[in-house]
Each structure stands twice: as structure tokens, then as C-alpha cells.
Amino acid sequence: MNTYIKTISLIVIVFFTSSCSKILDVKPVSTITSENYWNTENDVTGYLTGIYYDLRSSVNTTFYLEDRGDTFSPGLESGLSSAWQQNLTSSNAPNWIGYYNLIHHCNLVIKYGNIISFTNGNNKNRALAEAHFIRAFTYFWLLRSWGDVPIVLEPTESDQIVLPSRAPQSQVMDQILNDVNLAITLFPESGFVNKSRASKPAAYALKTDALLWKAKVLAGGDASLSEALVSADLAMAGVSLDPNFANIFSAKNGQEVIFSLYFKREEMFDQTGKKIEKSDQYGSTLKPRDIFVSDATNVNDIAFSRGGARSAYAPSQKFRDLFVNTDVRKAASFIVATATNGSTIGIFDNKFRGTVYPSDDRYWENDIIVYRLAEIILFKAEALAALNRVSEAITELNKVRNRAKIGNYPGVETKLAVETEILDERFRELYLELKRWPDLIRFHKAGTINIYNEVPNLGAKGNMPLFFPIPRTQIDLNPNLTQTLGY
Amino acid sequence: MNNKNVLWLIGIFLLFSYSSYAQKPATITGTVTGNGSETLPGVGVKLKGSNIASTTDINGKYAIQVPDGKGVLIFSYIGYDTKEITINGKTQWNVDLLANVNALDELVVIGYGVQSRTTLTTSISKVSAEEFKNAPGTNPLMQLQGKVAGLSLQMSNGQPGATPQIFIRGGSSTSPEGDTPLIIVDGIVGTSRNIVDLNPDDIESMQVLKDAASTAIYGARAANGVIIVKTKSGKSGATQINFKVSSGVDVQANKYDFASAEEYIYTSRKNIMNYNKTNPDFFLTGGRYGMSTGNPRNSKNTLEFLDTYIQNYGQEYVSSLIANEGWQTMTDPVTNKKLIFKETNYQDVFFQNALKMQYDFNLSGGNDKATYYFGAGYSDQKGIVLGTGYKNYNALFNGTYKLSEKWSLNANVAYSISDNDSPTSYFNSLSRSVLMPFTYRLNYENGLPAPGEGIASFRNRNHEVYYKEKNNDIKVHRVTLGLGAKWDILPGLSFAPAAYLNTSEGMENRFEAFNEIVGTRPVSANHNFFKKVQLDGVLTYDKNLTSDHHINAILGTSYINDYTYTMNGSGNSAPTDYIPTLNATAITSQRISTFKETKVIDSYFSRFTYDFKKKYLFSASLRYDGSSSFAKEHKRGLFPGVSAGWNMHMEDFWQPLQAYLSSFKLRSSWGKTGNDNLTIGDSQGAYATGFSYMGQVGIMNTVLANGNLKWETTTSFDVGADIGLFNNKLTLVLDYYNKLTSDRLFAKPLTSTTGFTSITSNYGSIRNEGFELELAFNPIKNSNFSWNTAFNFSYNRGLAVKLPENGEYKNRSGGNYVYDPASNTYMKVGGLAEGEPYGQRWAYKSLGVYATDADAANAPYDVETAGRQKFGGDAIWADLDNNGRIDNNDMIFMGLIRPDKTGGMVNTFNYKGLSMRLVLDYGIGHVIDNNFRAKTNGSARNNNMMLKDALGSNVWKEQGDIATIPRYTVQSDVDYNFRNHLRFSNAIGNDSDGSNNSLYYSKGDYLAFREVSFAYLLKPKFLGKTFIKGIELTAGVYNLGYLTKYDGLSPEIFTGRDEGKYPRPRQYSFSLNLSL
């Protein structure tokens, strides 16, 4: 009997007590968890690459900064957004989550980047500068779209969530300028390492942009304008106007570009099915599918594709009428597809023409140009005009006009006339570069124009607010949030 | 006990035997048959009250020595009623046994053991080999449909071999994927991966464990129920050989009622002319759409003016097209000119009649020392969708070997290769290829496939198969090795260790040859390797303490290590079509990625079962589980189960009732189970790679860590009764259950400023409550004819019980506001809220169609159409709040997406050697959005084929028409802001791609005719003295059709939306089974 008791005891010991709690501590191999990240400088730089990926996706839309303006009329296919229709309500309001996701990522880099040591201090400073720049850029995007927005400066790292309320616009502006100034201080070099990433000149460009907004929308006054002038000059370092206008968009990071976001056709999909680079730049929403233009007389001049193009919008009549025929920007900005009988098939964007891959298709891989010299020159002109330094403003304006081959400004030298001309010039020069809607707000707030007379759908609605609403369901999730005024 | 004791015992035994050997012996012989037909080998023959026993041989013959030539012989055989014969001096007794359909004393497999239903106290349903042996398809899980109360099965497509989604008692979550029960095949604990390629012919039984007391022994992953599958094993006796050939054909059971090409051209062109005031030429000319002219000879579309064709290509060519190629002409309603076109019915191109061949072979037998079963099968089944199919080669060996009195070994080896050709994307294939306007060209003049519309995802199936899918090579190799031992340590006490290795290796290579749509020759290759190592050890003690007290106790441990390794590669721009693999692709285009993951589960379990005279029954179990997926402090969980039963019919006081209620057992159970459906990232946060910028790989935080995550726990209570009436001719199994799933693992919504939509949390609780009935009735049973019927019904209601406090009424999460006319307020609905069921659907209420432009002039502002001016032929939407504005506040409740009442019925009729089966099942209580019809009637994308609907009188055609369906034209479409058919709003948590239009919603209630089949067993007499022992012929039709009011192809849609699914085919099947 004893033998059996011993045997059973042995079985019990071997099978039932052999394991220890370590058996369940499985180290993840192909996945990274929060516990095993943020140790080395590579963790910071690798993460920053991810942030650029996210930034590119987040800004690759015309929804916020173009649709509400007067750039677009309906194209050949459906897809008119609620923003274009000026049909925004609390139930179809866009969610800002993508931008706060980007901010969360920046917050992580800023939090951990500061405590991780780098072998080269410049690299650490540059990484932190880029994170501060992108955070500022994102808050500026939020500010221009929604006005008052919550300020979140800590990453989300547990399910214990604070419920922020919307900070006043001036406070958001202060945060933006803080981040930009910090970025300017931190960038170790004054020029570019890579124009597809943020740099000191890019930070100055953003600062100029923000200061003009502060001056005109947030009653920043002449002080902000003067500051913007200084900043604009610093942003111009190391770049020059490209004599060939169309080349700015077809080439990558030409002589005029200050900061752009990189696009490239890429077939590869990662584990989760995401394309790992991007080729669907937003310009594809103003491009025809092949069948639409196959019988156009000028089909060979038109940028079309079999897949990936959808002419939801066309450049508006108002925009097209702004050009004189000598303007080199006209043909480089839009193209009219003509049928054999002379009628118009459709009008399409011609700025972002994509790249044809032989025996394949055309891919929409033009970079998004965030800032380029011509805009900084026009910023400077705008600041000068606002300061009533009209003739100096005209000097700047003419730099852009002369490159476009339309000669010097011929109009009267009054503040209002020149400011109106600067707005039109910005339209001609920066069409479809995600500038028009904020431009309209800036010049509207400064009294140059009445935005409700400029944008047809907005005029029809009368009292439509200029900032976006937030989803009512978001207010349910966070009762500290209030709806945008007017919705 | 030592050896001496054993010898002593044996000695006493022998003495006993000798002492009773006093009178004149006799040998009784005879033949045993079953149900008056086939002879039964292996029937136990025993002299009552003695140890004298024998069995029948392969021919059903037996011989037994009876010491004094007197007494009673007992004939017993599994699945048959036991029969007693009083010898009465005769030496020749031929006995016929009747098949036993009494479900109340069958043996059922429970977790780590087997138990008679008589003493079972939990809720377990059993499906036996009968349901698998003539399965028309390949995935054995399909055979569960309608056979188990409380199990609902959903087939999302008709691809042969596809895996259905299974919910047991409503599941425990709100996502179908998360509701998959645990599936255990021959001891290996896993998911449906274990079973998909298993040959149904090799299955002996499946048991479905439904209540927590039965599933608690599987602990952490058992919350959704457990399915235990047992494959066949050999029995002691002569070798049995079966060879079966089956063949069949699958056909598309229901078809969409498309118009002809001529009707399509006429109606769509006429309507464009009538309704399109802006740019009709864009649609009528230029070859852009199916109804456009402007298509030269040999282009993608065929429609053109006849005179253009004659002018450009000559009268002779045109005459030849009409005379020899089936081209047609018609008068254009727009220009009154003659049109020429070629009709191709793309529904007929898409669907095919699919042939099936299947060969099964098995060999089994054994002796005192060893038993074996070997099965091998090959099946080749085409799918009803062009270019699809499924092939499977499989082999299975189950063997046992007795090493000694105390030790025996068992081994299980299985191998299969499956080759699965399925559409790359069901959505693209079905809703786009089937909907191709019939005017598109099928083949170019040189015979090669034309692409149809010709965007990558909008192309003719024929083209897609020819250039792409025929090059796909997708194989899965599965290997199972199981080795177990049983050591009988003491009488009643045994120890069974087992080790299992289960691998599944998917090798996929996809290649698209050069064609006009995709010119880059893309190649992708995947290698998915999955390996499971499982080690079990179970100590069992089974003992009759006295004749009245019986106990069974087990103590066990299990360790499971799941390892996944995947490698994905892609490339393109090969210079040739000759090489479909990655080696030919351009180096610069090649990308490769690998992934590794390990998951460990470590468990201890125990169960104690006791019965007193089989009258009072009790069982308790406990499992202690650990999983590597959880946060550090919450890795382990404890899962108890308790159950008890009372066989009241065994009580003395029951005697007067015995004549009617022959058996009556009350039972009740309670238990806790878990759900660990998580990744390590959910508890520890995930940082993912792959976010490339300028060729550098980026990393981002994609999942928020929640260090507080613990098991989701389902506590379930069950009370039931097993009732037998009229000597158990009619049996009833009744169950009521109440399952409360708490600490649900669920995505808790986060406010957007966190940057995340949700975090996986233990979030609230939901309750599934229901009632089940399984009835088996054997109204007629005699030697020549019998009729068995089994019926089941189940009702399940799932409600959210408790959600975290969020300041909202009912703590609702998600959802949006609708107007409630009763209270004259806006109420928040949808999402998930306390006291409400999940899977709710809401839609705009269609009130018909504006008859005239004047009627439409004062239509309310329609948010979905950006306030577009409405005209005659536009839909009228109910403005419930009368605020002059149609928006999501005006949506009404349509119903729930899953049926709450389901069940089925199996009827079997036997007449001599002929048997017939009739199987039905049903689902009641769900709604379906016929999105396919909405899309088609809305002429979505301007380039879909037209259903006959559009010709009917319900469609608005001209001013003054009173109609229910808005006008059919491009300018009624989802696009261009018309939205008469498809509406956006998903603000209430609806399906964003649904129609959201009450016009296209209908009830999904159905009765399905699942099977009508016949089997005929040729008697041995007929076969004479050939080596063939039996021949069985079967013929059956499966998925015959439905009784339903739903107007789509199939009402078996439990996702709320029918976007045009790959339908389950109607299957005709024949087989010939030879027993040797």
C-alpha cells in the first residue's frame, strides 16, 4: 500500500506543484508593451517617425481648411462634405480625436524624451523641438477649426481620465507660441536637415502664421504684427523662389519649400493592413477617373487615374476668374476637359498631378507643402499692410506677382485695396494648399472682407458660425465640454 | 494491495466458479440482428446473474456455454434496447434488438470524463454520428444547426469549408467573434481551428456543454460554452472496413430577379432623359456607364448606336454579330435611333453549378489487447461562385494498446491538407461583379476575358478569376499528435497523463498576372504557423463505496502553450507571368515581415461527483486558471461549479405515476466561467511598428494599457428537468438559464481629448436569460417501421444590466437622440444602455413617394441631402418632431439583429432497410436591412444592374404616380445628394453602410428546410456470400429553401444587413457506402 501512496504523492508533486507563477510571464517578442518601451534614444526617434506618419494622415484632408471656403464647386462625382454644404450640426460634427491622438503622441515624446539621455545632445534637442513643433502645429489646426479647445499636455496612460473643458482661444494661442518658441530654442541648427521634417525655419513660418492669426482674430494688435515681421524674415533663411511655378509641386522639396509632408506610392501593407507610406494625397478628390475623360480632346494633358481619383470637387468659377491669361499659375492650377463638340466635360485640379507608373496607374504622391517661401513673402506683405506700411507691402506682393508673370500691383495704394489684393494673391498662389478658409477668417475678422459675401453656401445660411461644432455625443462623454457658440 | 492479496482474491474467485459448476452444461447459439435487418457484431451476451459472457462475431453469430442449460440470457448493445431471453431448453435463439432512441440514459462526454445522462446534473446536448455521416458539406460544425437547443449558428457565406459563427445561449459579449465557444477535439483545447478540416465521417459525437457547472471545468475560456468533439475509435471484434463514395452538386438556391439588358437600357436611358436636368449626356454618351453609348468595337462595354457600328465596321460585321454572336438591337427611348448591344447575364457568369466528389475509407477493429480506427478521406468540392472551391485530404488514426493489466496507451494522429479557393473579397465580388450591368462585354474578340467596368474592385468575376484568383495557392496543413496513457493504480483509481502537439501551417501565395487593370504583377506570400503544446494529467477515482453510494472524483492539471509565427511578404513588377512567386519580383518592391507571439494558460482543476442509488445526484468542480494575457496582478482566476439532481421517478412514492411519467429528474446548477479574449496589449499597452515615413519605420502607441484588467466572469444559473413519458417513448429536456456576465472585457468609450476612442476595460454586465426545450419522441417502433422525431426550441434574451456611471440616463454609452412622440421629447437611444438589448437598428421612416413636383415643393429640409429641392419621385420621410427638418431625430426603431427564438426538428423514418430524414430549423425575431436591394433600386454608383423591381408598379415613374418606391435613376442615387434609397446616418450606432431606410427593412423570421434524405441498406441476404457485408445508398437534398417573408436570397442574416452575401447553396448529394 505504501508504494501506491508514494506514487500518488509523486504524481501530485510532479504534475500539480511543478509550475510556478513565472510560467505565465511570457515576454512579448513581436509586440512592444508600455512596460518595455521608453528606454533608449532610438525609442524617441523611432516614435517621432511614427508621429510624422500620423501628422501626414491627419492633415491629408481638405475638410477643415478648404471645404468651407470658396475654392470648390461640385465635381462630377458625389462626395460634397457637410463642411462644404455649410450643413454642420451637433450630430454630424467632425470629431477632433485624430488631432488629440497626435497630441498624445507628442506628449509622450516630450515626457519621455526629456528624461532619456542621448549620446548626442543636439539629437535630443532636435527630437524635442520637432515634438513641440508638431504639438504647436496641431493646436493651431484645432484653434483655427474649433476656436476654444481643451489643452492636454500629458499623455493618456491609464483609464483614469481627466475631463478637460475648452480653453479660451487666447490661452490656446499662448500654448502654441510657447511650444513654437521652445522649438526655435531647441533646434540645434538654423537651417534644414531634411525639409520633410520640422526645422527652425519651419518653426518661424508657423510662428508667423500664428502671430497673424493672433493679430487679426484674437486682437493681438500691432505688437503681434511686428513680431510676425521679425519671424517672417527668419523663416526665409535658406530658401528662394522657384522660377518654375509648376515645379514646386512636382519636385520634392525644391528650393522654395520650407516644410512639406512626404508622399510616396507604396504597395506594401503592414500587419494591420495599413499602407506604410501614402500615395493618396488629398488633391485626388479634384481628379477624374479615366472613364470620365477618355474621350476628351485634351485627355493627354489631364492628370487622371483608374483608381484612387474621385472628382468630388472642381475648382470654383470664382477662383478660375481670378487669373489673367498670362498668369503662369493658371494652367498650373486647373485644367478644363473638353469634348469633341467643344463642350466642357469637367474641370480638374492641375497642381498636384501625381506620378504615372508605367503599365500601372497614376498615383497621387505629391507632397503636402505646409510652408513655402511665397507664402512667407505674402505673410510679410499682410503684416506690413495691416501695419499700414502699404508701399512696403506692395514690394513684397510684387515679388510673388513677378514670379507669376503678371507684373507689379497696378491698383490703388490704400490699405484696404492692398489687403484685398493680398487675399486674392494668396488665393491664386496658394490655392488647394489648405490655406483658403483660415485666410478668409483672418481677413474677415480684420474687416477686409465679409466672409458671408465671399462663400456662397455660407451666405445662404446667414448666421452659420465660422468654427466647427463638436459632436453632441462627445459632450455626453465629457460634460465639461460645451458646444461651439452658435450650434 | 500487494501481489499476494491479488492472487488470494483470484483464488477465491476460481473456487466460486468451480463450486457453481455442477449441472449439465449446454451451448446456446444464434444470430443477433438489429431492427430486423442487419446482423450486429460485438453484441454482448451474458447469462444473467453470472460472469459467463460472450459476444457476437462479425456475422452476428454467438455461442455461449450455459452450465446448467437454464437461465436468462441478456443481449446488450450500445444504441439498442437490452433484451432478455429465458432459455427454456432451446439451444437456438435468434434475437432481434430494437434501436434505442431513449435520450435519457445515453452516455455523454463531459469535461475530462464520461457520464450517463441518468446521473448527469448539468445541461449538455449531444449530437451523434448519425448527424455527421452523410453531411453534405465539409465543415462538421455546420451539422449542429437546428439540432441543439440554445445553439444558434450563423453562416456568413456559402464558401465550402467556411466556418460558421456559433453562439451558445446568446454568447456572453456583443461581438460575434468574441462569442465563439471553446472547441475541444479529442482532448485538445482550442478554437474552431481544431475542427474546420476534420472529416465529418470520422466524428463519433459532439457534445455541447451549455451551463456553467458543466463548463466551469474548462474555466477561463468557457464562458461561451464548450463543444467537445470525439472522433471514432475501434471496438474489439473483427476488422470492419467501410468505403464510401459521395458525389453531389451545389446550385444557387435563389436568384436575384434582374431585368434583361434591353429593359435595363430602356429604363435607365429613359429615366436619365426624364429626370436628369443637369448633365444627361454625361450618362448617356461617352462610354462611362453601363447605359452609355460611345463604345467602339471590342471595348469594355457593348452598347452603341447601330448606325455607328455599321458605318465604322461594315454591315457584314454587324450582321454577323447579330446572327452568330447573339447581339441584339433595340430602339433608344432617348434618340429613337437603333441601339446594338450584347447581353451577358453576370449573375449566371458569377454562379456555377458546383460538383462535389468525396471518398472516405475507414478501417477499425481490435482485440483484448488493442483497438484501432483508421480513417482517410479526400474531398473536392467546387463552390457555387465561379473560381471557388475546397479540397481536403485527411487521415486519422486512433489506437489503444494494453501494455499490461495496469497500463494502457492511446494514440491519436491526424493529418490534413486543405486547399481553399475563396474570393479575395466577398464584398467586391458579390456586390460588384453580380451587379455588373448586363451590357458589359464578357470576352474580347480574341477570347480573353474583358474586365467589365474595369476598376480593380469593380470587375467581371471571369476576369478576376482568369488573371488573379486562379493563380492563388492557399493551403493549410494540420497535424495532430496525441499520446496518452492510463494507469490503473488501484481498483477505481487511475491516472491519465496526455501530451498533445497540434500544428497548423498555412502556406499562401497570391499572384495576379499582367492585365489591363493591374499591370504590376503583384505577388504576396504568407506563411502562418501555429503550434499548440498541451500537457494534461488527470487522476480519477471512481468507486461504489457500497452498492448505494457512488463517487467519482478527478484532480487534474493542464498546461497549454500557443505559439504563433507569421511571415508575410510582398513584391511586384516581375518581368514575366511565368513565375507566380516572390523570387521574380523587383528587388526594390520586395517587403517582408515576421511576427511571433506566445500565449500560455496554466490550469488546475478538480471535480467531485456523488450519487446515492442514482437517485440523489451531486457534483461540484473547481478550476484555477492562469493566463499570460492579463496584467501582472490579475493573471489567475478561480472558477467553481456546483450542480445537483434528483431522480424522482426512482422514489417509491412515484410508483403510481410510473405508467405515464416513466422518468423524471429535476436538476439545477450554478457556476462561474471566464473569458480571456484579450491580447497582451490590452493589459500592458501596445506600441506598434510599421508607420513609415520617408522609408523609416515609425513606432506608435496604438493601444492604451489597462493594468487593472481582470477576467470577464460569467455566472450562470440553470434549472432543468429530464422527463420521460410512456416508458420513455417521449423524452423532454427542459432548461431555464440565467447568465450574468460581469466585468465584461469591453471597449470603454473615452472622451476624444485622450486621443483614443476606447480602452479595454472590465465594463458593466450583461444578462442572457432564456428557456430551452429538447423533445424526442418515438411514436412508432416495431421491427419493420419506426419513426423518431426530435424537436428543439430556445428563447434567449440578452440585456445590458449594469454599465459604469457616466451621468447619463441608464448609463447609456454611444447612441444618439430621436424624437419620442409619446412623451414629446428627444430621447437618447441606441448604443448600449442598462435594461436594453444590444443589436438595435433604427431607420428613417419611409412614407411613400411624392406624386408630383408640386407635392414635393414643401418637403421638409432633409439634412442627409443637404436641403436639396425635392421633386416628384423623391421619397417622403416622416418628420416625427414636425420641425420641418429630416434628421436622425426622425429615425424609428426597426428591431434587433439576432433572432431570439430558434430551434429545429429532425425526423427519421425507418422502414425495413429504408430510412428517410427530414430536418427543419427556424429563427424568429430578427430584422434584416435588404441593403442589396436598396443599392440596386437606388441605381447606386449609376453603374449597377437593375432589378425587375424598377419596372414594377410600386416604383414612381411619372408625375402623379402613387408609389412606394422612389424613382429609379442616377438622380435618385446615394451619390449626388439624392439619397432616396440609401441614407447615411449612423449616428445611432447603426450600420453606416446600411440603407437606414424603413422601406428596405423586413422581418427575418424563417423556417428552413435543411435536409430531406433517404438511405437504403441492402440486406446481406441479397448479397449472398460475397465479401461485401452491406451496401448503403443515400440520396439527399440540403438547404432546400425557406418559408419566409424576407425578400433577399437568404433570411439567415444575423448582422442586420444583407449587402449581398455569398449565399448557402442548395446541395444535392448521393453516396454509396460499402461495408466489408
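Chain B of this predicted model contains 14 helices and 55 strands. Its radius of gyration is 33 Å, close to the 31 Å that the globule rule gives for 1076 residues, so chain B is as compact as a globular protein of that length. The C-alpha trace of chain B spans about 110 × 75 × 65 Å along its principal axes. Of the 1076 residues in chain B, 56% are buried. Among the contacts in chain B with a separation of 6 or more, 68% are accounted for by residues 24 or more positions apart.

In chain A, a helix pair can be examined in detail. Helix α6 (residues 200-217) of chain A and helix α12 (residues 373-386) of chain A have axes that come within 11 Å and cross at roughly 30°. Because angles under 35 degrees count as roughly parallel, α6(A) is described as roughly parallel to α12(A). The crossing in which α6(A) passes α12(A) is left-handed. On the side of α6(A), the contact is made by Ala205(A), Thr208(A), Asp209(A), Leu212(A) and Lys216(A). From α12(A), the residues that make the contact are Ile376(A), Phe379(A), Glu382(A), Ala383(A) and Ala386(A).

Another helix of chain A, α15 (residues 436-445), is largely enclosed by the rest of the structure, because eight of its 10 residues are buried. The buried residues in α15(A) are Arg436(A), Trp437(A), Pro438(A), Asp439(A), Leu440(A), Ile441(A), Arg442(A) and Phe443(A). After α15(A) comes Gly447(A), and the phi of Gly447(A) is positive, near 90°.

Gly75(A) is placed in the loop between β1 (72-74) and α3 (97-113) of chain A. The relative accessibility of Gly75(A) is 23%, so Gly75(A) counts as partly exposed; the cut-off for a buried residue is under 20%. When residues up to four places away in sequence are not counted, Gly75(A) touches Ser311(A), Ala312(A), Tyr313(A) and Ala314(A).

Methods:
Residues numbered from 1 in each chain as written. Chains lettered and ligands numbered in written order. Predicted model: local features only at pLDDT ≥ 70, side-chain atom pairs only at ≥ 80, totals over all residues. Heavy atoms only, no water. Helix = DSSP H or I, 4+ residues; strand = E, 2+ residues; numbered from the N terminus. Buried < 20%, exposed > 50% of the residue type's maximum accessible area, 1.4 Å probe, protein only. Contact = heavy atoms within 4.5 Å. Axes fitted to C-alpha atoms, helices over the stretch in contact; angles between N-to-C directions. Parallel < 35°, antiparallel > 145°, perpendicular 65-115°, else oblique. Left-handed = near helix turned anticlockwise from the far one by under 90°. Rg over C-alpha atoms; globule rule 2.2 N^0.38 Å.
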